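Work through these exercises on a two-chain interface. Try each task before reading its solution.

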Protein chains: 4
Amino acid sequence: MPVTLADNEYGKSRIRLAKVTRHGDHHDFKDLTVGVHLRGDFEAAHLEGNNRLILPTDTMKNTVYALAKDHPLEQIEDFALHLASYFLTNNPQVTDVRIEIAEHPWSRYQRYSFVKGSGERRLTWITANRAGVSIESGIGDLTVLKTTGSGFVGYIKDRFTTLKETTDRIFATVIQARWRYRDRDVPFNTCWQGVRQTILDTFAEHDSLSVQQTAYETGRQALENFEQIEQIHLSLPNRHHLLMDLSPFGMENPNEIFIPTEEPHGLIEVTCHRPSACASPSPEPG
Amino acid sequence: MPVTLADNEYGKSRIRLAKVTRHGDHHDFKDLTVGVHLRGDFEAAHLEGNNRLILPTDTMKNTVYALAKDHPLEQIEDFALHLASYFLTNNPQVTDVRIEIAEHPWSRYQRYSFVKGSGERRLTWITANRAGVSIESGIGDLTVLKTTGSGFVGYIKDRFTTLKETTDRIFATVIQARWRYRDRDVPFNTCWQGVRQTILDTFAEHDSLSVQQTAYETGRQALENFEQIEQIHLSLPNRHHLLMDLSPFGMENPNEIFIPTEEPHGLIEVTCHRPSACASPSPEPG
Amino acid sequence: MPVTLADNEYGKSRIRLAKVTRHGDHHDFKDLTVGVHLRGDFEAAHLEGNNRLILPTDTMKNTVYALAKDHPLEQIEDFALHLASYFLTNNPQVTDVRIEIAEHPWSRYQRYSFVKGSGERRLTWITANRAGVSIESGIGDLTVLKTTGSGFVGYIKDRFTTLKETTDRIFATVIQARWRYRDRDVPFNTCWQGVRQTILDTFAEHDSLSVQQTAYETGRQALENFEQIEQIHLSLPNRHHLLMDLSPFGMENPNEIFIPTEEPHGLIEVTCHRPSACASPSPEPG
Amino acid sequence: MPVTLADNEYGKSRIRLAKVTRHGDHHDFKDLTVGVHLRGDFEAAHLEGNNRLILPTDTMKNTVYALAKDHPLEQIEDFALHLASYFLTNNPQVTDVRIEIAEHPWSRYQRYSFVKGSGERRLTWITANRAGVSIESGIGDLTVLKTTGSGFVGYIKDRFTTLKETTDRIFATVIQARWRYRDRDVPFNTCWQGVRQTILDTFAEHDSLSVQQTAYETGRQALENFEQIEQIHLSLPNRHHLLMDLSPFGMENPNEIFIPTEEPHGLIEVTCHRPSACASPSPEPG
């Protein structure tokens, strides 16, 4: 019963790239981390050690820097599409290209100076083959918290239940969002800002009966507000803030003093889509 | 065009659990991180905020501790199967249970004392529904390095190539391995130790013409040596060790002085299986 | 030649504390990490295992939560002074108390909701004994970058020099600042905001001939602008942004495309003070 | 009231260095992280931006690699002394050199292959000036745990006490040790292994009445066993393992099931020395 190579992929991860664009009276600054991953006709490399069709990952890295030189990098989705197209066009042995870009935000301070933003990142994932391309964008580590407007009651009680019902708790989470665009005819920057705004507004305004309900509502609103999106995935860790028990000291604690924790944490994940998306889950032609 | 809940999952991550087992003249110590994630009939919670069928993640956590009390924890696969079975049996609204356990190794120093091992972890993933169960085990962060027996030549050269061919380089990687067992009738501890040994031996002894070739050879040997395994996935980051250029100082550097780097890194991934596995990709009945 | 206990200190680190303050139409939210460390008459504990004078670190933790309940937490320096005073007053066996507080910034989004700021932290260190108190405040991880206005020329060249002189480079750093107040009669919030502003302005506007020069200038300006400060320490890692060499591809790179790196990094540290501070390095009476 | 430069230091941190030494039938492999920091006549650089006396940190880095080429690296203390001597000899403007080296352990697997050890590191700190040198060595992140032989009773009880006394608990810590050698005539490798063994044995065998008592006993034993050491500092975080309360489920938990935690943690620090060390705290002549 012989062994077979079922699947393979290779590439370069964590290519760090900064670009300065000089305007007359100010500079722009972009700070990206890029990943390039390829699939294709690489069986000879795996089985025989024949590298004839292998593009070295070092060359992928060089290519990213070289192509960034003449690309504005204004929208990371555009740069990722450009990279995917380059690798497909110049490498007939490659069947699939996967480009991942994370943009690290910096806030302008003065004309040439910047202050690093939070750990939040703007993300894109491009998966392209010769039949089409899938464009996904997202947000990494958008950390939010609300001090009220969140409860959790009416759940199952069994012999291992100790959690108390509450109609008022802290809701803190680190939002990971990833959505798929219907096609490439999208104003990516505008859309990204809009989805981010929708996520923040829903989090702030939704009267939450559970993390699940808020997660679904967030996805629903994003799809309703942005027709360019056909599917969105949200992952919300529940960063529990435990009410400190001050009663041993003869003190009350009416939802004032909390212990923030990271471990363990609840993890709630939802995917929302439009039913029509079911009919065409495969990538749209590019 | 209404929005639909396409998929959802929720649970508790990073449940930290330690267990001391007292024998006459020595103690055993187990150190685990457990995750529990459920799918099922949770639409009412997402759409209406009705938590009637929601088992709180806090209760999942309590259940893990309570069930660990009366379970030997000798094989993490057994404990994960036990947890999966418990949640399926006691929660008719649940269709799928996913249990993840990471075991953190400690080396015995004396009868009651232990020294923490490396960051390497023993892993298992159990996915169970009422039709069957999939049992996967693996290794996280097994960091290895060889000082010779690795080269990389004969690859594509294009306008962005600067990498020099070499027949002798350092090969350093942080192995992530994950394999699927054919069924549950497996001596898990023995198998895990055996696959780990195979991975280490292949890494040490294989005359590597590329990371791809070594990755494939590792997967092939694991499948050949262990008939209980039907598929294995290996992910090998290439932790490049750059030869320091000492020539500006009038010095030679015959593969002696290197700059270890973590960023960027190559990433090579392979999946190997037995062709028969293709015919039955679905989980075996539990 | 007997062995002696030369020094000792103990306490609790990383006490995580969040406080919600409810106003009519909005809430305030504070997120702190507190450390409490004591010195005193603890020789019996170390030499004989006699814990009669040991205040458990668990009790220190409880005390922090209990005292936070009735303290506004508006200025972390005030809360740290309050904690230090409490431990000194209630523990005659204690000679020195060291309180460290890090405040994690959140930006208000709406009345009850907040977005996590950057990794930057507001810091304070209080060291108190029965003779007086030293009050230090600071900033952790203020990450900044300028795209021009920084050069480095005229340095020593020796046989190991390969660095090229430059009159225009990226200057990126993660500022750690720590300053000592002359006494406790200080508007801490206003001062902290002011010093932070001075640091940012100096970084942005100073035409840097070296990191050393900018570090000194920053300290000098802080002391000139804030008479309440008698000494300031600044630590500036130089997060090198390497100019990517595109010449092998026949391309020029006029300071546009850079490789951001974290390892290795330069590290420049300066301490500036007023000469009068030399005369009284000991803590001021509290 | 003018501002003065009170203190300054600069250098290069996190210089990553690997060296392969080729023997007939096997290779040796060393993996180090080096830091170089200088003090001296650098006022012109800080005040005027005059870099005439500044040795660039980039040159420090190059020097480390170049000097490593012809040095065996068998004992990191020797290499650090060699580096310190080089920088002092070749830089008359430098008054003080501080070299820090961390060695990352790898275990030999076969003749040319190695497996990464734990996060534990062997450390050295050399501080040298033209009058003498101070040689310190140490251990970073030696993580240990014992399941019994540790208690904590008889401590202060006050209104904020909730901790229960116990005569049997888990004692888990991540040992940081740093000791100063009397002079440079020391078999550094033998001594380091010996101190490490003493630390492990004391931890395992000492019947602990408090972390303080065990910390002191560890220091005392190290000084008694190794006359070459004149002072030792130990820092022991108390990684609390909380007994899980299973009583709500009608179950007992006789010290079997624990919740390992990292935050908050106790932190116990002791310095032990020989009284004679008091008389000569200044560095011995080199």
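**Exercise 1.** State the area buried between chain A and chain B.

Solution. The two chains bury about 6,200 Å² between them. Carbon and sulfur atoms give 58% of that area. Buried area is the accessible area (1.4 Å probe) that two parts lose on being put together, summed over both.

The model is predicted: local features need pLDDT of at least 70, side-chain atom pairs count only at pLDDT 80 or more, and totals for chains, interfaces and linings use all residues. Residues are numbered from 1 along each chain as written, chains are lettered from A and ligands numbered from 1 in written order, and side-chain values use heavy atoms, without hydrogens and water.

**Exercise 2.** Find how many salt bridges cross the interface, and name one.

Solution. Apply the rule: a side-chain nitrogen of Lys or Arg within 4 Å of a carboxyl oxygen of Asp or Glu. The rule finds two across the interface. One joins Glu263(A) to Arg14(B), at 3.1 Å, N to O.

**Exercise 3.** Which strand of chain B pairs with strand 12 of chain A?

Solution. Strands are DSSP runs of E, at least two residues, numbered from the N terminus. Two strands pair if DSSP finds at least two bridges between them. Strand 12 of chain A pairs with strand 1 (residues 4–22) of chain B. The sense is antiparallel, over nine bridges. Within strand 1 of chain B, Asp7(B) stands opposite Thr271(A).

Conventions:
Helix = DSSP H or I, 4+ residues; strand = E, 2+ residues; numbered from the N terminus.
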